[in-house]
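Good morning, and thank you for coming.

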Amino acid sequence: MCSVNNPKKTGPTLNETFLGLLYPTENYKVYGYLTNTKVKFILVTTDLDVRDADVRNFFRRFHSAYVDAVSNPFHVPGKKITSRTFAERVSTIVKSFGLSTAV
């Protein structure tokens, strides 16, 4: 019997879609996120003291709103998302970005 060394990925490395800090400058930071379907989200923030946990939470919530919007049977893939509900959810997510009380 042959033993194969095949370490299983666990924890945050499993299906990791958060790309982390892509480009810091003196005035802003750029973070990236890649969905399983290869859709890229970019966050540019002037908050230089933002925590990775807050950025991950932002992307998680934004991704959820995005999935809900493109799952609408009336949405045409590749076209602009024109949903008022999506716009309101994104506005709420952006306004709560970085707040420790954000849910």
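**The sheet and the helices**

Let me begin with a pair of residues: Y23 stands opposite V30 in strand 2. Strand 1 and strand 2 run antiparallel and are joined by five bridges; two strands are taken to pair if DSSP finds at least two bridges between them.

Before I go further, please note that this is a predicted model, in which local features need pLDDT of at least 70 and side-chain atom pairs count only at pLDDT 80 or more, while totals for chains, interfaces and linings use all residues. Residues are numbered from 1 along each chain as its sequence is written, and side-chain values use heavy atoms, with hydrogens and water left out.

The chain has two helices and three strands, in the pattern β-β-β-α-α along the sequence. Helices (H or I, at least four residues) and strands (E, at least two) are DSSP runs, numbered from the N terminus.

The three strands form an open sheet of order 1-2-3 with antiparallel pairing. Strand 1 (18-24) and strand 3 stand at the edges with a single partner strand each, so one side of each has no neighbour in the sheet. From one strand to the next, the twist averages 20°.

Six bridges join strand 2 to strand 3, again an antiparallel pair, and here Y33 stands opposite F41 in strand 3. The hairpin of these two strands has five residues between them. Which residue in that hairpin takes a positive phi? It is K38, with phi near 70°, a positive value in a residue other than glycine. K38 lies in the loop between strand 2 (29-34) and strand 3 (40-45). At 59% relative accessibility, K38 counts as exposed; the cut-offs are under 20% relative accessible area for buried, over 50% for exposed and partly exposed in between, with a 1.4 Å probe and protein chains only.

Helix 1 lies across strand 1, strand 2 and strand 3, and runs at about 135° to strand 3. Such angles run from 0 to 180 degrees between N-to-C directions, the axes being lines fitted to C-alpha atoms, for helices over the stretch in contact.

Within helix 1 we find F59, which is buried, with a relative accessible area of 1%. Leaving aside neighbours within four places in sequence, F59 is in contact (heavy atoms within 4.5 Å) with F18, Y31, G32, Y33, F41, I42 and L43. The C-alpha atoms of F59 and T17 are separated by 9.4 Å, although these residues are 42 apart along the chain.

I turn now to helix 2 (residues 84-95). What are the buried residues of helix 2? They are F86, V90 and I93. Seen down the helix axis, these buried residues fall within an arc of 60°, so they line one face of helix 2; the arc is that of the directions from the helix axis to the C-beta atoms. In general, an α-helix has 3.6 residues a turn, so residues three or four places apart point the same way. The buried residues of helix 2 pack against helix 1 (52-70), while the face turned away from the buried side carries the exposed residues R84, T85 and K95.

Finally, for the chain as a whole, buried residues make up 28% of the 103 residues.
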